[in-house]
Each structure stands twice: as C-alpha cells, then as structure tokens.
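Take a look at the chain below. Follow its strands first, then its helices.

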Amino acid sequence: MEMEVEKKYISAEELKKHKKPGDLWISIQGKVYNVSDWAKDHPGGDTILYNLGGQDVTDAFIAYHPGTAWQYLKKFSTGIYLKDFEVSEVSKDYRRMATEFSKAGLFEKKGHGALCSIVIIAIMLNLVVYGVLKSDSVLVHLICGMLLGMLWIEGAYIGHDSGHYQVMSSRFYNNIAQIVAGNCFTGISIAWWKWTHNAHHIACNSLDYDPDLQHIPVFAVSAKFFNSITSIFYGRVLTFDPLARLLVSYQHFTYYPVMMVGRVNLFIQTFLLLFSRRNVPNRGLNIIGILVFWTWFPLLVSCLPNWSERVMFVLAAFAVTSLQHIQFTLNHFSGDTYLGAPNANDWFEKQAAGTIDISCSTWMDWFFGGLQFQLEHHLFPRMPRGQLRKIAPTVKELCKKHNLPYRSLSFWEANVSTIRTLRNAALQARDLSNQVPKNLVWEALNTHG
C-alpha cells in the first residue's frame, strides 16, 4: 500500500514573491504551477502571465481557456498548494455560471456569423474596386470610400472574433482568417492586436497596466495621469508635460476629430511592433500580410482621377471607421479606473466596474460586432458574439445579486458619458494648482480662463 505523500503548502504572501521573469508562479484552484520557462510560449503572450503572476488566477484561466486546457496543467505542477486559499461568493457564482454556459454548449454554438461576414467583406471589396475603376462619378467614389470603411469595420470584427476563439474549422484556417481579415484587409497586424488586447482584458481599466487607456499626450481619462505615471505595459513614463496639458485641456473638443484619424495611429503601432526587437509570433507572416495591404490600398487610391478625390476617398473611409474607434472608447473611457496590477481575486468585480454596455436593437448587432455587450464579452471572451445577447440577463442578475455595476447605455448616452469624463479631466488639467511648467502658448490660450 502506497504511502500518501504529504502536501506542501505556502501562503498567498509567499506566492507573491514568484512573479518575475525566470521565477513565475501562479495558482489555479489553490494548486501552484511554475510557468517560468513556458511564459514565452504562452499563446496569449507573456505579458498577461507577468501581470497576474504570484497570485491565484482561476477566474481568468476559466475565462480564457476551454475545458481541454486543464489537462496540460499537470506538467507545470510544483506539488505545492495555497494554505490560505479562499473563493469569494462572487467567484463561486461566476464559475457556476461559466459551467452552466459550457454545459449548454454556448461556447460551441458559433453559427455562421464568420462565413456571412467574409462573404459580405468580399462583396464590399468587389463593389469598391468596381466603383473606383469603372465610374467617373465623384459621388460614387465617395460612396466607395465609405463602403471601404465598412469593410474595415467588418474585417476588424472577424480579426477580433478569430483572436478570441476558433471561428474556422481548424486552428490553421483560423490563423489564416486572422491574417487575411486583419493584416491584409485592414492593415492592422493581428500580432499587435493580440499583444495589446489580451493585456487590456486582463488589466481592464488599470491606468498603468491597460494600454487601451494610455493615450498621453492626446487623452487622459483620469487626473492621475497628471502625475506622469509609468506604463507597465510599454515600460516607459507617460510624461504629462506642457504639450500634454495643452492637448488634454481641450480633449472633449478634439475627441471626435482625433477619432476620425485614429486609424493612422494603428498603422504606426503595427509597424513599430513588427519591426521592433520584441518577440513577435509569426512575425514574417504578419509582415507579408501588411505588405499585401500596403500594395492593394495605395494602388486602389491611385486609380482615382485626381488628388482631391483621393483625399476625399481616404477621409471617407477613415470617417466611417471612426465609428468603430468611438465605440471602443465608449466601452471603457467612462468606466471606473484604478492604479496598480490586476488582482485575479476580484476578476468579476474589475470587469463589471471598467466596462460599459451599449444598448441597441437586435437588428443592429451586426454593426457593433457583439462588443455592445462589453461586460459579457469581458467575462466570457471565448463566447461567440451571437450568444452574448442571450446571456446578458443572467449576467445582469448576478451583478444585481452582488451589488455590482451593470451599465447599459444607449449609443447617445454613452457618448455623453464619455465626453463628460473627458471634460472633467480637461478642467482639472486647466487648474493652475497642478504644478506643470507653463509656456507662452499655454498662457496665451488660457489668459481668459
């Protein structure tokens, strides 16, 4: 008869000591795993592991991994357990809800949304090319530019969906869909998206960990940015200098114009990542995809008869896609924010506090790509967008049970809330009690308050 091996235990405080490169431990359901050597190979990137290192990550693991992933944990086991492991009532309910959704097959019921979107994108692309090449009408060219913007929006949704869960018949085809929809069609690298988006999900609305809130010097959703905080994600100080103060002071006026050209920043960020020294998965494939975009897009624009129509065409496309950029910011800019690393022990609470749902009619679901159910998506990122409306009432009830925020605003109300947040921060930036060195431009613009 074999002797039962005595279990080894460590405290949560001891676990916190193991959260750096080369010494990275996590706990799942009270069992401790050493993922130091595996972090660089993690499909979701190493950033999220370092952000959550040294703590129990059960809820985040459940959110991001299918049931088949549990079998791979054994090889990382240390044989150590948390001696003070406790599960909050919110987490118990969240895990119970995830189990119920899984048993109902909601994570597998993907429908034909991806196929329909690909067909629609193909049709729009053909119409755009045909309109540019075969028509001499300025109006037709304007409509084609707007149609191209819609193509980019739908392409982004395909990239987003395939980045969170498998929309195609195999992982290989899923990766191809990501590159085609993201890199080739929209000019935005799926590698860049995964790098930033996974970090955003894990550290939702953390001012120093969530890259989706770090827009200094152009925007600041909180006065805490005025202290020139350090971005843990980018590894640099977000300096709040005179230029940042000037821009932030009028951000509620510049918000929409900046959104109009926000895509330019995404193009730049893509190039900065792909040609950086950072370890980029499938770098070569991502670069090829980007080269495809920067081949067909300039060629298409060059086919227009003159420069005024070319500028009009590009701006029309940017104007339409700005609706998507606005939506992304509406989901979070006016949510609750915090400083510091994400705490896996309040996974549900942090997601509820940092997200804003956008209420809309069922027939508009295609336009928002499922992201109007932002809280539901953050809690269950692997769930196909077609199922999010179904689970919304259950999520709302759970929030109500635990006295957590569940904010669902109309598109108009969400815009008002976002502008109010930006205006409040802008007025604080103008406050001369914030000791930021002044310059002549600043003084001239603020002479009369």
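The model is predicted.

**The sheet**

Start with the strands. Five of them form an open sheet, and their order is β1-β5-β4-β3-β2. The pairing in this sheet is mixed. Two strands sit at the edges: β1 (8-10) and β2 (19-20). Each of these edge strands pairs on one side only. In general, strands of a sheet pair through backbone hydrogen bonds, and they do so either parallel or antiparallel.

Now look at β4, residues 31-34. Strand β3 (residues 23-28) runs antiparallel to β4, and four bridges join the two. Strand β5 (residues 77-82) also pairs with β4 in the antiparallel sense, here over three bridges. The table lists some residues that face each other across these strands.

| Residue | Partner |
|---|---|
| isoleucine 28 | lysine 31 in β4 |

What links β3 and β4? They form a hairpin with two residues between the strands. Glutamine 29 in this hairpin takes a positive phi near 55°.

**Two helices side by side**

Two packed helices are described by the angle between their axes and the distance between the axes. Take helix α6 (residues 138-164) and helix α7 (residues 171-186). Their axes come within 9 Å. They cross at roughly 150°. Angles over 145 degrees count as roughly antiparallel, so α6 and α7 are roughly antiparallel to each other. The crossing of α6 past α7 is left-handed.

**Helix α12**

Helix α12 spans residues 283-302, which makes 20 residues. From first C-alpha to last, α12 reaches 29 Å. That is close to the 28 Å expected at 1.5 Å a residue.

Which residues of α12 are buried? They are Asn286, Gly289, Ile290, Phe293, Trp296, Phe297, Leu300 and Val301. Seen down the axis of α12, these buried residues fall within an arc of 140°, so they line one face of the helix. Turn to the other side of α12, and there Ile288, Leu291 and Leu299 are exposed.

Note on methods. Residues numbered from 1 in each chain as written. Predicted model: local features only at pLDDT ≥ 70, side-chain atom pairs only at ≥ 80, totals over all residues. Heavy atoms only, no water. Expected span 1.5 Å × (residues − 1). Buried < 20%, exposed > 50% of the residue type's maximum accessible area, 1.4 Å probe, protein only. Arc of directions from axis to C-beta. Pairing = 2+ DSSP bridges. Axes fitted to C-alpha atoms, helices over the stretch in contact; angles between N-to-C directions. Parallel < 35°, antiparallel > 145°, perpendicular 65-115°, else oblique. Left-handed = near helix turned anticlockwise from the far one by under 90°.
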